[in-house]
Structures are given as structure tokens and as C-alpha cells.
Amino acid sequence: MAGDGWTLGIESTAHTLSFGLVDANGIPHPSVSDTVRPDKGGIHPREAADHHKEFAPELFRKLLSTNNLQPNDITSVAFSQGPGLGPCLRIGASIARGISKRLEAPLIGVNHCVAHIEIGRQQCGCADPVLLYVSGGNTQVIARLEGRYRVLGETLDIGIGNMLDKFARAQGFPFPGGPVVERLASEWLLDNPDPSMDGLELPYAVRGMDLAFSGILTASLKLVENGQPLGAVCWSLQEHVFSACVEVAERALSHTGKKELLLGGGVACNSRLRDMCDIMASERDSQSFAPPRMYCIDNGTMIARLGWLEQAEGRITLFEKSAIDQYLRTDQTPITWA
Ligand code: AMP
Ligand code: MG
């Protein structure tokens, strides 16, 4: 046990500001969050940071009232130290420092990517999985080896979620685009029961254990411009990029000899991706796990959970060491609890 009170988690790496909690036993409680949704264009780091600053007091009060807590019930304060967008990370870190100082509660800076993994392990009860971490900015296949989460493969250009968001935005759909692409693809599937006959040709970019998504984005946009039905393009786009991810994840299972696959990150909300992972895992006598959707997208609870794990190992963050690190890597954090 890390303490006798609650651990607060503050998530602010990109589009979402979120506050979450775990109790003294590390049990997660749902987050309260708000996501910036630009009227047009992508997410501007400065504008997202302004959004986070504006919404922080209201969200924090809502978290306390929803859980019937007083500020003093919080005995540790965890925050996303990186990776992410600098201006957004800085807001989360300064809110964390402020609350920590005010409550005289220890501060714990945590690795956002590792937080996605640990909330998934906690929720799904799996011990030593290969991870398919698919979010807005990140796409990585990860496995724990010698006390670190090692990145075995990853995107060489943009994250899979950002690619889906850009594709959807070009069709006039606001952020987040991934759920829109999923809906259009499944609606199209209803009218096209044998889609393999009508699948569109797109680039399939697996390079060894790595992936790439910018080529398929350009090619998909061209298909729409050339008059292909939007639903058909969405379906083919999903099939191609999810197959590529599942292929790399399968190779990782094979190389490491592990028997569990765990999905994480916002794109892990996608039902088609979840199904593909189930099929692959069952074909190789393994199991595939996906956390509840509220813990796939960025959330403060996963930050609280990792903060709780870190503190139980005696690791807290001194103020002078609490600067953010935009480029923090998944394998920079020692994993001593697993
Ligand atoms: P994260 O960065 O982990 O919070 O995840 C956000 C990303 O997840 C965005 O790029 C969303 O478009 C994407 N996303 C959310 N739900 C879905 C879904 N159902 N299918 C595909 N992508 C999704
Ligand atoms: Mg994330």
C-alpha cells in the first residue's frame, strides 16, 4: 500500500485534461475529463494548453464532489511527465505541483505510455502481455523484458489515431475521427456482406517490426477524391492498418513466447481491431485482452494507478526533478513491481 489516502492522477499530454483517482489499495475510480475540440484544423498545442488551464478548477471540484472527498483526502499527486505536447504537459505539471504543495502530498511524475499499459494490466488481470499500444500520437508494440517495457516495433511516421483523425477531418468530421471512420466502415459493411470482393487497394506498410501510416493516408484521401464511396474507403483503410498492427503484434508474441496480448490507447476502443486481435490470439493458443473503453482513451485514473505503483516502490518526484519531458520513451521507466 502506498499510503492511507487517495492518489490523484492528472493527465494532460495532448487533447484531454483528465483527473482520476485510485484509493489506498490502488483500486481505480472513473476519471472526470474534458477534451478540446477545435472548430477547424488539428489540435494546436497552445490552444489545448489554454483549454486545460481553463477547465482544471471545475474538473477538480467535480472529481472531489463525485467521489464525496475533501481535498485533504488526497495524499499523493501523480501527473503525466511525458511524452506529449510541451505546453499541455506544462499545465498538468504546474497544476500537480500546486496541489501537491498545498496539500503537502508527495508528487509523482509518471510515464504516460507506461500508465496505459498498467491500467490495462490491472483491469484485465493479465500478467506479462505483449502490448499493442495504439493511440493518437503513439503506435507501439511492447513487451516487458528485464525490468523495462521494450518497444519491439513502432510507427516510423505518424500515430495510427492521428492518421484516422486527419483522414476524417479531410471529410469534414471533427476530432476525434477514429470513431467516425469505425461507424462509416460498419455501416458500409451492412450493405456489403462480402467486402473482400470489393476491398480497395491501399499500401500496406509493415517494415520488419515497424509500421508506417502516412502513405496509406495519402492513398485513402486520393480514393475518396476519385469518387470511391466513403464507407468503402473507411472499411478498407481500417482493414489495412489494423491488419498491419496485428501482424506485428503476432510476430512479437512469436518472438517473445508470451501468451497474452493487451490492447491500449484510444484506438483500442475500436471493435473491429478488438475482434481481429481476438481471432489472431485464439489461432495461436493465446488470449487477447482489451480494457474498458474509458480506460483506453487518455484518462487521469491510469496516471493515478501508475503513481500509486511508483510510490509503493518508494519512488516520488522532487520538485526540482519535476520538469516535463516531451520525448520520454516507454523503456526509460524501470518496472520493478511486476
Ligand atoms: P488517446 O490519444 O489514447 O487518447 O486516443 C485518441 C485517439 O483514439 C484519437 O486519434 C481517436 O480518433 C482514436 N479513437 C477513439 N475511439 C476510436 C475508435 N472507436 N476507433 C478508432 N480510433 C478511435
Ligand atoms: Mg495516450
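H112 and H116 sit four residues apart, about one turn, in helix 3 (residues 112-124). Helices here are DSSP runs of H or I with at least four residues, and strands are E runs of at least two, numbered from the N terminus.

This is a predicted model, where local features need pLDDT of at least 70, side-chain atom pairs count only at pLDDT 80 or more, and totals for chains, interfaces and linings use all residues. Residues are numbered from 1 along each chain as written, chains are lettered from A and ligands numbered from 1 in written order, and side-chain values use heavy atoms, without hydrogens and water.

**Metal site.** H112 (NE2), H116 (NE2) and D298 (OD) coordinate the magnesium ion (ligand 2) at 2.0 to 2.3 Å. Along the chain, the donors follow the spacing H-x3-H-x181-D. Donors are N, O and S atoms within 2.8 Å of the metal (3.2 Å for Na, K and Ca); water is not among the atoms, so the site may look incomplete. Buried means under 20% relative accessible area, with a 1.4 Å probe and protein chains only.

| Residue | State | Relative accessible area |
|---|---|---|
| H112 | buried | 3% |
| H116 | buried | 3% |

**Domains.** The domain assignment, automatic or from a database, gives domain 1 (6-117 + 296-332) and domain 2 (124-291). Their C-alpha centres lie 27 Å apart. In domain 1, 18 residues are in contact with 20 residues of domain 2; contact means heavy atoms within 4.5 Å.

Notes
Buried means under 20% relative accessible area, exposed over 50%, partly exposed in between (1.4 Å probe, protein chains only).
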